[in-house]
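Good morning, and thank you for coming. I would ask you to look at the chain on the screen while I speak.

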Amino acid sequence: NLTTYLANDILPLWMLDGERVAFVSDRGDRQEGIFSKLADGTGPVESLLTFEPGRFLTPWDWSSDGQTMVFSYAGGDDSAVTFDIGVLRKEGNGEWEPLLQTTARETAPSISPNGDWLAYISDQTGRFEVYVERFPELGERRQISTSGGTSPKWSPTGEELFYRRTSNDGSMMSVTIDFEPVFTPGIPEVLFEGNYVSGGTTGRRHYDVSPDGERFLMIRLTGAIESVEGSAAPITVVLDWFEELKDRVPVP
């Protein structure tokens, strides 16, 4: 185990030097925060960012110099909760700033290897699609997916952008990217299909790409293909189960 503290430690993300792992935890005073620990398990846990409880933090990606993290957090009041994107800089001593904060839900940010572009998903049209904007100043927004998209991730070279299609097959999609003379995305193409866990509307990136960009690490499902549009597995409801339990295990 990397962590053994009596808390919920979830959503690990490697720091770019490979020596530390960042993760979300409700440890300490039970505030939700992002922490890090040496990957060999030694040394203390360091706090990177703390939030008030219930903000549903998710660390997503680091800039190529390892100095800037993009993360998502729950925002809005109780009647209109959205997901927004924030930026944390290592030299900021735990101070962060909102990057993308609108009435739509934006999450799953991924920084291009050259550090100039940010991919993310937004449901501003009524369904989640993949978008790309300038980073960190934003602007020049381009829609990348054409029929629903989630969980974007740049290839190690930045010449491709991968994402999962929001359909029952959850296909892995690939879009070629040309940066010169201007940012020009290609037409989305199916890279492969398969029975793999998908992030759905949370955008969770249940896959990773090898440093050479040739292999994917994914979680294979053993049952029916999961829908990323929110349809869950069947639920069985058992009525009067306590009476049946008393019949099976008589109480003296």
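Let me begin with a term: a helix here is a DSSP run of H or I with at least four residues, and helices are numbered from the N terminus. Please also keep in mind that this is a predicted model.

In the protein chain, the secondary structure comes to one helix and 19 strands. Helix α1 covers residues 241-248, and phenylalanine 242 is found in it. Is phenylalanine 242 buried or exposed, or in between? Its relative accessible area is 45%, so phenylalanine 242 is partly exposed, given that this class lies between 20% and 50%. Phenylalanine 242 also belongs to a nonpolar surface patch of about 520 Å², made together with Val238, Trp241, Leu245 and Val249.

I turn now to serine 36, a residue of strand β3, which spans residues 33-38. Serine 36 counts as buried because its relative accessibility is 1%, and the cut-off for buried is under 20%. What does serine 36 touch, leaving aside residues up to four places away in sequence? Its neighbours there are Met15, Arg20, Val21, Ala22, Phe23, Pro44, Val45, Glu46 and Leu48. With arginine 20 there is also a polar contact, side chain to side chain, at 3.1 Å.

Finally, the chain as a whole. It has 252 residues, of which 44% count as buried. The protein chain exposes about 14,000 Å², and carbon and sulfur atoms supply 51% of that area. Considering contacts between residues at least 6 apart in sequence, 35% join residues at least 24 apart.

Terms used. Residues are numbered from 1 along each chain as its sequence is written. This is a predicted model: local features need pLDDT of at least 70, side-chain atom pairs count only at pLDDT 80 or more; totals for chains, interfaces and linings use all residues. Side-chain values use heavy atoms; hydrogens and water are left out. Helices (H or I, at least four residues) and strands (E, at least two) are DSSP runs, numbered from the N terminus. Buried means under 20% relative accessible area, exposed over 50%, partly exposed in between (1.4 Å probe, protein chains only). A polar contact is a pair of N or O atoms within 3.5 Å; within protein, one must be able to donate a hydrogen and the other to accept it, and residues adjacent in sequence count only if both atoms are side-chain atoms. Contact means heavy atoms within 4.5 Å. Accessible areas come from the Shrake-Rupley method with a 1.4 Å probe; for residues, only the protein chains shown count as cover. Patches are made of residues with over 30% relative accessible area and no salt bridge: like charges are joined within 9 Å, nonpolar side chains (Val, Leu, Ile, Met, Phe, Trp, Tyr) within 5 Å. A salt bridge is a side-chain nitrogen of Lys or Arg within 4 Å of a carboxyl oxygen of Asp or Glu.
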